[in-house]
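Here is a short briefing for someone meeting this structure for the first time. Start with the picture, then work through the topics below.

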Amino acid sequence: MNKRKVAKILSYRYMFLAMVLLILAGGLVLLPKVPKQEGITAELLLNNVISPERYISTDLVAQKIIGQDPSFILVDVRNIEDFKTYALPNAIHIPLENLLNEEHEAYLNQSQYDVIFYSNDNLYADQAWMLSKRLGYKNLRVLEGGMNKWFTTIINPSVPNEDMAAEDFELYSRRKAASMYFGVVYPEQVVAEEPIIEKPVPKKIITVKKKKKKPVEGGC
């Protein structure tokens, strides 16, 4: 499949996702206001939904994790089974259906950290973003492509073709290094064990003492 067809398919998917988000945003406008938060206006929410600025790339998140950046927290909104199977390091598990529980408000309603929602794709994370945004919470981001894109770009990056640009090879090198940080082992890392060669045991030389000749008795 050539790049044009892939780009066309992706554009249709994003258009469909945008329509879903618009419908969800419209539904959120009808939700009763939360006593503690007036939230943002419906117009501003719709503008934010259309804008792609909420997305953060897998490469940037990997860089933040490796660099031990203290300015963000990861919030996994998937179900417990997916979270236990694989989760990003130090991620906080808040299933989407429990997002608005009072016990989680301290993680979401604060200004000290950037909150990065992620799910298997964008859908649940986008919903978490919208719900939190509707309540007026700030510094909210969404991991672009979710765990599906994380595995295809960071854990198992595609090797570029020989005719690709130098930038593609540089990106692959960075992603490969990141995947190694997250536990992926490449064939060249596996060092073959050297065969044990038994050294020949030196022969023990036993010296034989020569017997002294007895003097000849008698004489002429």
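Two residues are in contact when heavy atoms of theirs lie within 4.5 Å. The model shown is predicted. Its chain has eight helices and five strands. Buried residues account for 30% of the 220 residues.

**Overall layout**
- From the N terminus, the elements follow the order α-α-β-α-β-α-β-α-β-α-β-α-α.
- Of the contacts between residues at least 6 apart in sequence, 68% join residues at least 24 apart.
- The chain exposes about 16200 Å². Carbon and sulfur atoms supply 58% of that area.

**Strand pairing around β4**
- Strand β4 covers residues 114–118. Four of its five residues are buried, so β4 is mostly covered by the cut-off of under 20% relative accessible area.
- β2 and β4 pair in the parallel sense, over five bridges. Here D76 has Y118 of β4 as its bridge partner.
- β4 also pairs with β5 in the parallel sense, over three bridges.

**The largest nonpolar core**
- In soluble globular proteins, nonpolar side chains tend to be buried together.
- The largest nonpolar core here holds 19 residues. L99, V115 and F117 have the most contacts inside it.
- Helix α6 gives the most, with five residues.

**V115 and its contacts**
- Which residues does V115 touch, leaving aside its neighbours within four places in sequence? They are I73, V75, Y107, L108, Q110, N139, L140 and R141.

**A second core**
- A separate core has 17 residues. Among them are V61, A62, I155 and A178.

**A buried arginine**
- R175 lies in helix α8, which spans residues 166–181.
- Is R175 buried or exposed? Its relative accessibility is 18%. Buried means under 20%, so R175 counts as buried.
- Beyond its neighbours within four places in sequence, R175 is in contact with D59, T153, I154 and P157.

Key
Residues numbered from 1 in each chain as written. Predicted model: local features only at pLDDT ≥ 70, side-chain atom pairs only at ≥ 80, totals over all residues. Heavy atoms only, no water. Core = buried A, V, L, I, M, F, W, Y, C linked by side-chain atoms within 4.5 Å. Buried < 20%, exposed > 50% of the residue type's maximum accessible area, 1.4 Å probe, protein only. Helix = DSSP H or I, 4+ residues; strand = E, 2+ residues; numbered from the N terminus. Pairing = 2+ DSSP bridges. Areas by Shrake-Rupley, 256 points an atom, 1.4 Å probe, with all protein chains shown as cover.
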